[in-house]
Amino acid sequence: QTVRSVGADIGLAHDADADRLTIVDDTGMFVPGDKLMVLLAREVGAKSIVTTVDASMSIEEQGFNTARTRVGDAYVSEELKKGGGDFGGEPCGAWVFPSVSYCPDGIYAAALVARLATKEKLSVQAASLPSYPMRRGNARGDKSLMGRIEQELLRLDPISLSRDDGLRAGFADGWLLVRPSGTEPKIRITVEAKTVRRVETLYDKALAVIKG
């Protein structure tokens, strides 16, 4: 609302210690973290990105060599230290620039976004990137269920199955991630696909598998 009322080109939002950054564009619309990741990567001239298993499949589609880690910026930083990429981040707003620091740096990211906004309206830049339907949720359960869940997910004939952080099943038109929470007796579900109908189908199947 403030961006619109004052006619600003951008709105920046940090958490309490400013290691994270999320933004709204010149129209006041939130720019999803997956899109911001691509914009920042392009701005620093990155060729390889390190991100987490719950980030959008659209990142690979932009031509980056992409390595995926467990959820958590510490895992992203560890992979970057190994030489796994020249930029890293999480859709939640943690951005790591290994040429500067291996810690998430929301202030440096804000400066880069401000520079981006001088080149072309952020709304136009964000709109040029693909966006797919995604759904996140959870169900009651814990890691003791993961063995049975894996067996059931294999019945869905995924073209890939990653065990880096929970189970991430890949399909030709999307993916689903099932991972136990580290803080609650819950199992997190994330699904992304090319259509809303496919998202709902995969989500319902994952939920049914968890509930047994």
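**Close-up views of salt bridges and a pocket**

At 44% relative accessibility, Arg 136 counts as partly exposed, a class that lies between buried (under 20% relative accessible area) and exposed (over 50%), with a 1.4 Å probe and protein chains only. The model shown here is predicted, so local features need pLDDT of at least 70 and side-chain atom pairs count only at pLDDT 80 or more, whereas totals for chains, interfaces and linings use all residues. Residues are numbered from 1 along each chain as its sequence is written, and side-chain values use heavy atoms, with hydrogens and water left out.

**View 1. Arg 136 and Asp 54 meet in a salt bridge.** The N to O distance of this pair is 3.6 Å, and a salt bridge here is a side-chain nitrogen of Lys or Arg within 4 Å of a carboxyl oxygen of Asp or Glu. Arg 136 lies in strand 7 (residues 134-140) and Asp 54 in the loop between strand 3 (48-52) and helix 3 (58-61), so the pair ties together parts that are 82 residues apart in sequence. Helices (H or I, at least four residues) and strands (E, at least two) are DSSP runs, numbered from the N terminus. Asp 54, at 12% relative accessibility, counts as buried.

**View 2. Glu 200 forms a salt bridge with Arg 135.** The closest N and O atoms are 2.6 Å apart, and the pair links distant parts of the chain, with Glu 200 in helix 8 (residues 196-211) and Arg 135 in strand 7, 65 residues apart. Glu 200 is partly exposed, with a relative accessible area of 31%, and Arg 135 is also partly exposed, at 30%.

**View 3. Arg 20 forms a salt bridge with Asp 73.** In this pair the closest N and O atoms are 3.6 Å apart. Arg 20 sits in the loop between strand 1 (11-14) and strand 2 (21-24), while Asp 73 belongs to helix 4 (residues 73-81), 53 residues away. With a relative accessibility of 28%, Arg 20 counts as partly exposed.

**View 4. The lining of the largest pocket includes Asp 54 and Arg 136.** A pocket is an open set of points on a 1 Å grid over the protein atoms alone, where a 1.4 Å probe fits, with protein on both sides within 12 Å along at least five of seven lines, and lining residues have an atom within 4 Å of a point. Strand 11 (186-193) and strand 7 each supply at least two lining residues, and the largest share, three residues, comes from strand 11.
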